[in-house]
Amino acid sequence: MSRILPPLLPAVFAALMTAPAALAQEYDVGDLSIVDPFALATVGNAPVAGGYLEIVNEGEADDRLVAIRVAPEVAGMVQLHEMRLEDGVMRMDAVAGGIPVPAGARVVLERGGLHVMFMRLPDGLEAGRQIPATLVFENAGEVEVIFAVETRGARQEGSQPGPSDAATDHGTAQEQPSSHGN
């Protein structure tokens with residue numbers, strides 16, 4: 001048996017490395033597909049966490065993600081946010097009016113850019129948890145999705161576009177109402 005195991009190790013390693021992609025969830029509403037919603041586990045009981053996903057619009061009409069709802073036991077507030085570099089400083093603000101999803105386009109909510117902000121978390125987020133959420137679109141309507149909470153660093157660099165976790169570490173950030181447009 002020990003002679004069989006070494007040749008199998010590369011195959012086992014490859015399967016484990018591609019597991020998150022193979023397990024990606026997809027949800028459909030109208031002409032929209034919501035792909036791979038996930039959030040990053042927080043450090044301790046941090047009060048905020050980032051959520052990420054892709055939206056694919058295969059229709060001929062534009063749409064807009066206008067809101068995300070979760071149970072109050074999960075988060076006291078959820079907002080759509082954008083991080084951007086402005087005058088050499090990273091800034092994060094709520095997105096007024098929602099996130100456009102143009103016809104025929106793919107919109108990626110990712111670290112360092114557009115993303116979901118789970119705020120006022122009563123207990124932080126532990127890896128392995130699943131967060132039921134409702135995404136609300138201007139035209140397509142509502143769709144129920146599950147955000148899978150993943151361990152920080154679980155995704156290989158490059159598998160989720162954007163800066164490293166350290167640059168957009170929502171799990172350890174402190175909520176600052178003035179910078180969130182509240």
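Trainee: How does R84 count by relative accessibility: buried, exposed or partly exposed?

Mentor: R84 counts as partly exposed, because its relative accessibility is 29%; buried means under 20% relative accessible area, exposed over 50%, and partly exposed in between, with a 1.4 Å probe and protein chains only. Bear in mind that the model is predicted, so local features need pLDDT of at least 70 and side-chain atom pairs pLDDT 80 or more, while totals for chains, interfaces and linings use all residues. Numbering runs from 1 along each chain as its sequence is written, and side-chain values use heavy atoms, leaving out hydrogens and water.

The R84 side chain meets that of E86 in a salt bridge, 3.3 Å from N to O (a side-chain nitrogen of Lys or Arg within 4 Å of a carboxyl oxygen of Asp or Glu). R84 also has a salt bridge with D93, where the closest N and O atoms are 2.9 Å apart. E86, in turn, pairs with R91, with 3.3 Å between the closest N and O atoms. Put together, R84, E86, R91 and D93 are linked in a salt-bridge network.

Zooming out, the salt-bridge count comes to five. Of the 182 residues in the protein chain, 38% are buried.
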